[in-house]
Amino acid sequence: MFGADKGRSVQDYIDEMPVWADGTPVGSTPMTGMQWRIWWLAAFGKFFEGMVVFTTAVALPLISAEFGLGATEHGVIGAASLAGILVGALLLGGLSDTFGRKFMFVVEMILFMIFLVLLSVSPTYFWLAVFLFGVGVALGCDYPTAHLIISESIPSANRGRLVLAAFGFQALGALAGTAVGYAVLVNDPTVSAWRLMYAAVILPAAIVTVGRFFITESAPWLFAQGRTMEAAHETARLLSREPAYPHQVELATPAAGAGASGHGAGASGWRELFTRRNRRATILASVPWFMQDLSTYGIGLFTPTILAAAFGHGGPVTHDVTDIVASQVLAAEGAALIDTLLIAGIFAAVLLADRVGRIPLQIIGFIGCAAGLLLAAMSHYYPDPGRTLLIFAGFMLFNFMTNVGPNAQTYLIAGEVFPTRVRGKGAGLAAATGKIGAVLTAFLFPILLADIGTTALLIGLALTSFAGAAITWAFRVETMGADLERLHQRAADDSLDTIAGAAREPA
């Protein structure tokens with residue numbers, strides 16, 4: 001990637017550590033104001049995703065009552081935003097490789113705002129599904145873009161914990177979505193209260209949209225495009241601090257033939273993800289994510305429904321407003337308790353990702369998810385209060401282990417195992433593959449609940465978690481602490497098998 005000309009890489013400047021007067025390194029690279037601004041704006045994108053998706057979990061029975069939905073329509077509403085995330089991650093996320101990380105970072109929030117406003121005033125079931133899909137498209141674009149704009153702007157040694165800390169805002173959003181749903185139901189116990197749940201997101205989303213206009217473009221992306229002077233300028237802006245350092249940014253000239261994505265190497269595009277060099281990365285990033293989303297979104301979306309049934313409110317469908325609201329308030333309280341384990345799990349992932357590694361955490365997490373699902377499935381064979389205790393224990397273990405492991409690590413891995421020039425496409429494809437699992441689960445979950453019952457469904461999801469652990473082990477690539485620019489250059493003339501070892505070498 002780098003020629004013999006004078007200068008260093010973007011990541012060299014970002015990773016540089018200060019030293020004391022006697023030459024002793026300080027031991028960590030201080031973050032600049034711009035780096036923290038980027039991090040916070042990306043983190044709130046994940047917050048909104050968790051908030052909207054999990055608000056839907058509380059709002060679904062009210063929506064069903066207002067529009068008179070059956071099981072199929074119920075599944076469509078649950079799957080609409082997830083289908084949008086699939087499309088957005090695949091089609092819009094990949095555009096960050098062409099138009100830049102910042103451009104798509106702004107565009108996605110504008111789209112989110114537009115569809116959120118429309119969603120809160122949806123006149124019919126059809127338009128509700130359309131607007132939920134549109135919200136999902138915007139959130140799907142955020143999957144690869146937010147990860148890349150953080151990971152390409154921060155020190156390598158902190159990449160795992162900072163990317164996952166931002167991703168953890170999804171769990172905070174999930175808890176906030178449940179809390180907003182509860183607060184709205186308590187203060188406005190009407191069928192149309194679901195509209196206020198979505199409208200509550202509009203103002204904070206507007207603030208984040210404005211903030212995204214005032215960040216730097218990804219310097220590694222600019223460099224990969226062959227725009228070296230612009231990359232140097234954006235690196236200087238990114239690292240602006242008092243006292244000023246570095247005083248001058250002078251990047252290495254790309255080696256002949258290293259080409260930018262818009263020249264030479266750019267001819268590869270989507271097909272490059274399936275070449276011998278990147279096939280292993282594509283499988284590792286995509287298939288476990290699919291397995292993980294099968295269970296995570298099914299459990300997340302329908303936790304209130306399952307809890308309502310467990311508490312004795314799962315009898316015949318009723319359109320009585322008082323019964324619906326009472327059932328959902330009780331279920332929302334239980335879901336909020338369970339969702340706190342999502343936050344505990346992501347906190348553990350932040351602490352461990354740059355110490356234990358991505359692969360071990362993902363494997364252990366998958367196995368823990370399976371254990372939690374099996375525990376909840378066992379509740380069928382016990383009377384209350386044991387039945388309720390097992391459901392809560394199983395779901396809480398599941399939520400903790402999914403965020404320690406696959407829910408966090410699949411996101412992290414997908415943004416690290418691909419070369420810069422196709423990183424947006426690779427991460428977008430992985431996220432889209434995961435959302436295929438989420439859409440299938442969201443659409444089929446209410447149907448399967450009615451046809452085969454909770455116990456069989458939970459056992460089936462446990463088996464997919466075991467499969468996710470096995471696939472992660474078979475195609476493992478550890479990127480903990482690696483300089484991604486140099487890592488992928490060293491593997492440029494070989495298959496990604498080389499990266500597993502290269503990632504453990506000093507940069």
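Residues 24 or more positions apart account for 84% of the contacts in the protein with a separation of 6 or more, where a contact means heavy atoms within 4.5 Å. The model you are looking at is predicted, so local features need pLDDT of at least 70 and side-chain atom pairs count only at pLDDT 80 or more, while totals for chains, interfaces and linings use all residues. Residues are numbered from 1 along each chain as its sequence is written, and side-chain values use heavy atoms, with hydrogens and water left out.

Let us start with the whole. The protein has 21 helices and 0 strands; these elements are DSSP runs numbered from the N terminus, with helices (H or I) of at least four residues and strands (E) of at least two. Of the 507 residues, 58% are buried. Here buried means under 20% relative accessible area, exposed means over 50%, and partly exposed lies in between, using a 1.4 Å probe and protein chains only. The protein exposes about 18800 Å², and carbon and sulfur atoms supply 69% of that area. Such areas come from the Shrake-Rupley method with a 1.4 Å probe, and for residues only the protein chains shown count as cover.

Now find helix H7, which covers residues 159-167. This helix is mostly covered, as 7 of its 9 residues are buried. The buried ones are Arg159, Gly160, Leu162, Val163, Leu164, Ala166 and Phe167. Which helix does H7 pack against at an angle of about 120°? Its partner is helix H17 (residues 406-414), and the two axes are 10 Å apart. Axes are lines fitted to C-alpha atoms, for helices over the stretch in contact, and angles run from 0 to 180 degrees between N-to-C directions. The angle makes H7 oblique to H17, because angles under 35 degrees count as roughly parallel, over 145 as roughly antiparallel, 65 to 115 as roughly perpendicular and the rest as oblique. H7 passes H17 in a right-handed crossing. A crossing gets that name if the near helix is turned clockwise from the far one by less than a right angle, and is left-handed if the turn is anticlockwise. On the H7 side, Gly160, Val163, Leu164 and Phe167 meet Asn407, Ala408, Gln409, Tyr411 and Leu412 of H17. An α-helix has 3.6 residues a turn, so residues three or four places apart point the same way.

The side chains of arginine 161 and aspartate 354 meet in a salt bridge, at 3.9 Å from N to O. The term stands for a side-chain nitrogen of Lys or Arg within 4 Å of a carboxyl oxygen of Asp or Glu. Arginine 161 sits in H7, while aspartate 354 is in the loop between helix H14 (321-352) and helix H15 (358-378), 193 residues apart. Arginine 161 is partly exposed, at 27% relative accessibility, whereas aspartate 354 is buried, at 14%. Asparagine 158 counts as buried at 17% relative accessibility, and it touches Thr29 and Asp354, leaving aside residues up to four places away in sequence.

How many salt bridges does the structure hold? There are 19. One of them joins glutamate 230 and arginine 227 at 2.8 Å, N to O; glutamate 230 is partly exposed at 38%, and arginine 227 is partly exposed at 32%. Another pairs arginine 277 with glutamate 272 at 3.8 Å, and both of these residues are buried. Elsewhere, Lys46, Glu49, Glu108, Asp142 and Arg212 are linked in a network of salt bridges.

Finally, follow the chain to H15 and helix H16 (residues 386-404). These two pack at an angle of about 165°, with their axes 7 Å apart, which makes H15 roughly antiparallel to H16. Their crossing is left-handed. Among the residues making the contact are Leu361, Gly365, Gly368 and Gly372 of H15, and Leu390, Gly394, Leu397 and Phe398 of H16. Not counting residues up to four places away in sequence, glycine 372 touches Gly394, Leu397 and Phe398. Glycine 372 and asparagine 399 are 27 residues apart in sequence and 8.4 Å apart in space, C-alpha to C-alpha.
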